[in-house]
Amino acid sequence: MKKSCHVMAKPTGSQCNINCDYCFYLEKSHLYPLRKSSCMDNATLDLFIQQQIDAQQTDEVIFAWQGGEPTLAGIDFFSRARTLQKKYAKGKRIINTLQTNGVLINDKWCNFFREHNFLIGISIDGDEELHDCYRKTQAGKSTHQQVLKAIRKLVDHEVGFNTLTVLHDVNVQHPLRVYNYLKEIGSTDMQFIPLLEREARSDLTSDYTWVPPDFQGETKVSAQSITPDDFSKFMKTIFYHWLRRDIGNIGIQFFEHIFSVWCKLPAQICIFAEQCGTALALEMNGDVYHCDHYVYPQYKAGNIHSDSIMNIRDGQNNTNFAIAKSKKLANECQVCEFKFACYGGCPKHRITPSLSGGENLNYFCSGYKAFFHYAKPYMLMMKSLWDNGISPTEIKNLIL
């Protein structure tokens with residue numbers, strides 16, 4: 001099997017031009033208190049481009065730019081990145097994706113994105129009221145109109161985009177309102193991310209290294225987080241309408257993943273893969289972490305100035321991190337009929353004590369299971385269509 005790895009690059013680190021109440025990445029500034037630069041330097045960018053291409057044994061190489069807010073790096077930075085990608089491509093197809101809050105997107109950015117075929121991810125949590133609950137400016141003001149303006153410019157310039165919606169305690173109560181709004185503004189490719197953030201214990205906050213994401217002790221879920229039941233109800237409601245009206249026209253990552261694994265194909269979402277270790281995070285100074293959710297000192301895997309992405313990916317340190325996911329699986333997961341679709345979910349979310357006293361369960365376990373039970377008969381129907389050479393989208397003509 002050909003080896004590859006996904007690297008989430010942070011060209012401006014945790015720096016951002018808005019201040020989302022639920023953002024887990026803003027705190028990463030504590031990792032680099034003496035940092036003076038505001039952007040990845042040319043030497044680090046050159047190394048990253050070359051190493052990322054060399055690390056992929058596939059004919060396609062994806063560069064995923066995130067943050068913080070990556071557009072703060074400026075168009076000139078990404079122009080240099082494109083020049084380097086062409087220099088080191090070795091005949092491989094280069095794909096660039098960029099996740100943004102949209103605030104800085106203007107005609108100049110859109111022209112650049114279209115010219116270089118960037119796929120843009122726009123973060124938007126619903127209509128103005130739902131979005132502005134937590135996604136505010138540094139001064140605490142609305143960002144929705146700026147995001148909507150960015151989406152309209154992307155549409156006008158025919159730039160491909162998808163939407164990423166964080167499900168928080170407010171918008172999760174309005175599934176069809178959120179879904180229909182995203183359709184209304186032109187989104188045909190949607191991601192829904194359930195929010196789970198934990199309050200740091202007061203006795204652990206004096207030293208950043210003492211707040212690891214897999215902390216097993218007493219913990220408190222933040223007020224903005226959603227419950228497993230909230231998540232399952234939201235996704236079931238959308239699934240019901242999507243299956244009957246929009247399948248084939250609207251792509252929803254969570255549903256596509258479930259269908260994929262039901263057909264015994266690879267997981268479409270890293271949190272549901274059997275193992276971790278192939279979704280690294282790169283900070284602006286070249287530091288590499290095992291995962292975007294594990295950017296903590298104890299999970300630093302190396303630095304591209306002293307090692308390579310390929311060696312970091314294949315090294316024993318990363319291998320140990322990768323297999324820990326399946327080795328530390330709760331007893332309930334081992335016997336669950338939906339193990340193949342979930343594999344215990346993201347290890348960062350394994351904070352619910354197991355009734356057997358073993359490894360922790362994923363916080364969203366009951367929500368995942370409820371949705372999988374609901375979707376099972378439909379997935380079996382879609383798989384049957386697929387097995388017989390018929391498009392799974394035909395299911396909408398077979399159900400009421």
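Predicted model: local features only at pLDDT ≥ 70, side-chain atom pairs only at ≥ 80, totals over all residues.
Residues are numbered from 1 along each chain as its sequence is written, and side-chain values use heavy atoms, with hydrogens and water left out.

Now look at helix H7, residues 228–246. Helices (H or I, at least four residues) and strands (E, at least two) are DSSP runs, numbered from the N terminus. H7 has 19 residues and reaches 25 Å from its first C-alpha to its last, close to the 27 Å expected; that expected span is 1.5 Å times one less than the number of residues. Its buried residues include Phe231, Phe234, Met235, Ile238, Phe239 and Trp242, where buried means under 20% relative accessible area, exposed over 50% and partly exposed in between (1.4 Å probe, protein chains only). What covers them? Among the elements doing so are strand S5 (161–167), helix H6 (175–184) and helix H13 (365–387), with contact meaning heavy atoms within 4.5 Å. Just after H7, Gly248 takes a positive phi of about 95 degrees.

On to the aromatics. Rings of Phe, Tyr and Trp (its six-membered ring) pair if their centres lie within 6.5 Å; planes under 30 degrees apart count as stacked, over 60 as edge-to-face and the rest as tilted. By that rule the count is 40 aromatic pairs. Take Phe63 and Trp65: their ring centres are 6.2 Å apart and their planes sit at 15 degrees, so the pair is stacked. Phe63 and Trp65 are both buried. Tyr294 and Phe321 have centres 5.2 Å apart and planes at 80 degrees, so that pair is edge-to-face. It links distant parts of the chain, 27 residues apart: Tyr294 is in the loop between strand S11 (287–289) and strand S12 (300–303), Phe321 in helix H10 (residues 316–327). Tyr294 and Phe321 are buried too.

The peptide bond from Gly67 to Gly68 is cis, with omega near 15 degrees, and Gly68 is found in the loop between strand S2 (60–65) and helix H2 (75–88). Lys90, not a glycine, has a positive phi of about 55 degrees; Lys90 lies in the loop between H2 and strand S3 (93–100) and counts as exposed at 64% relative accessibility.
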